Amino acid sequence: MAPCGSVLSRAENFIWLTARVLEQRRYAHDFLDGDPGAVETALDAYRNSDGGYGHALDPDLRGPVSQPLHTAAAVRVLDGIGRCAGQRVERIGRYLTAVATPEGALPAVHPSLRGCPAAPWFPVVDAPPGDLLATGPVVGALHRNNVWHAWLFRATDYCWSTIESLGKTHPYEVRAALAFLEGVPDRPRAEAAAERLGTLVREQRLVVTDPGRRADFPLPAGYAPTEYHYPTDFARAPRSPARRWFSDVELERALDHLVSRQRDDGGWDVTRHHWAPGTALEGRPRVTLEALHTLRAYGRL
C-alpha cells in the first residue's frame, strides 16, 4: 500500500521526527516561511573561534575542529537564507585564507582533523593538496553573493584552471564544478565550461539517464552499491547549466525516480557507504532537503 499524505507532508513529518535543529530550522525557513535568523542561530552552534566551522556539520567528518568541508557547508546554508555577507563572512574569509594552499585552493581535509573520526574516503595527510570538492562550492556561493575577499581571486583562478583542464572525473567533482559555474560572474566562460563538462559526464557514463536500466551504467571504484547519480543530482533546478545536458524525457524520468525514492518514513536515503551509526541518521535530513528543493524547482511539490 502506498504511504498516505503528500510528498511534502511526509517529508515534513520525517524532518520533525529525525533532523538536527539546524535542518529543522532550514526546513521551516525554506518551506514554512520561517525566520532566517533562527537558521543562523542554529548554525552558530557549529562555529569556532577561528572563523571556521566544525562539530560534524558535515556528518562524514567528526570532532570539534574547523574543516574546509564544514565551512563550505556553512556557506551554503548562509547562501540559502540570504545571510552570506557581513562580519560573519569576513571571519570565514580569514579562516579560508589560513587553510588554503599557496595556489588558493582549499584541501578537502585539513591536517587538524588528525585524531578525530572521519569517513574512510577522507584520509588525513600532512600536506593535503587543494581540492575542487571543497573550493568550488564556496567560491561559487561567495561570487553569487557579491562577496569581495583577497583570497577569492586566487581561489577563482584555481577553480577555472582545474575545471577547464578536467579529464577523467567523478560525480562529486562534477557537482563541485557546477556549484562554482552557477555562481561565477563570467557567464559566457561558465557556459562554455559547463558544456565541456557535460560532454565528459555523458562520455564517461557518470549519470544514469534511464533509472530502469541502472545496471547498464558503471559505478565508480569505491562507491556504494546504491551510489548512482541521476540527472537531478546535477541539474538541481531548471536554471542550472547542467539542465542542457539532458533531454526532457531523461529529466522527467529522473524526477519520477526521485519521487519514488522517498521512503515510507518520509525521508530520502544517503546512498554512500554507512561507515558509522550516526552519520546516516544525520545525513538523511540533509539529503531530504536537497530532494525537496529539486522537486519544488521543477514544480513537483
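Tryptophan 245 is buried, at a relative accessible area of 10%. Buried means under 20% relative accessible area, exposed means over 50%, and partly exposed is in between, with a 1.4 Å probe and protein chains only. This is a predicted model, where local features need pLDDT of at least 70, side-chain atom pairs count only at pLDDT 80 or more, and totals for chains, interfaces and linings use all residues. Residues are numbered from 1 along each chain as its sequence is written, and side-chain values use heavy atoms, with hydrogens and water left out.

Back to the rings. Phenylalanine 234 is buried too, at 2%. Its ring and that of tryptophan 245 have centres 6.2 Å apart and planes at 45°, so this pair is tilted. Here is the rule: rings of Phe, Tyr and Trp (its six-membered ring) pair if their centres lie within 6.5 Å; planes under 30 degrees apart are stacked, over 60 edge-to-face, the rest tilted. Phenylalanine 234 belongs to helix 10 (residues 231–234), and tryptophan 245 to the loop between helix 10 and helix 11. Helices here are DSSP runs (H or I, at least four residues), numbered from the N terminus.

How many aromatic pairs are there by this rule? The count is 8. One of them joins tryptophan 160 and phenylalanine 180, edge-to-face, 5.1 Å centre to centre, with 85° between the planes. Tryptophan 160 is in helix 7 and phenylalanine 180 in helix 8, so the pair ties together parts 20 residues apart in sequence. Phenylalanine 180 is buried, at 0%. Tryptophan 160 is buried as well, at 6%.

The charged end of arginine 189 sits over its ring, 4.2 Å from the centre. That term needs NZ of Lys or CZ of Arg within 6 Å of the ring centre and within 35 degrees of the ring normal. Arginine 296 lies over the face of phenylalanine 31, at 4.3 Å from the ring centre. Phenylalanine 31 also forms one aromatic cluster with Trp16 and Tyr27.

Now salt bridges: a side-chain nitrogen of Lys or Arg within 4 Å of a carboxyl oxygen of Asp or Glu. The count is 23. Glutamate 250 bridges to arginine 202, with the closest N and O atoms 3.0 Å apart. Glutamate 250 lies in helix 11 and arginine 202 in helix 9, so the pair ties together parts 48 residues apart in sequence. Is glutamate 250 buried or exposed? It is buried, at 11%. Arginine 202 is partly exposed, at 36%.

Last item. Glu40, Asp44, Arg47, Arg83 and Arg88 are linked in a salt-bridge network.

Technical notes
Helices (H or I, at least four residues) and strands (E, at least two) are DSSP runs, numbered from the N terminus.
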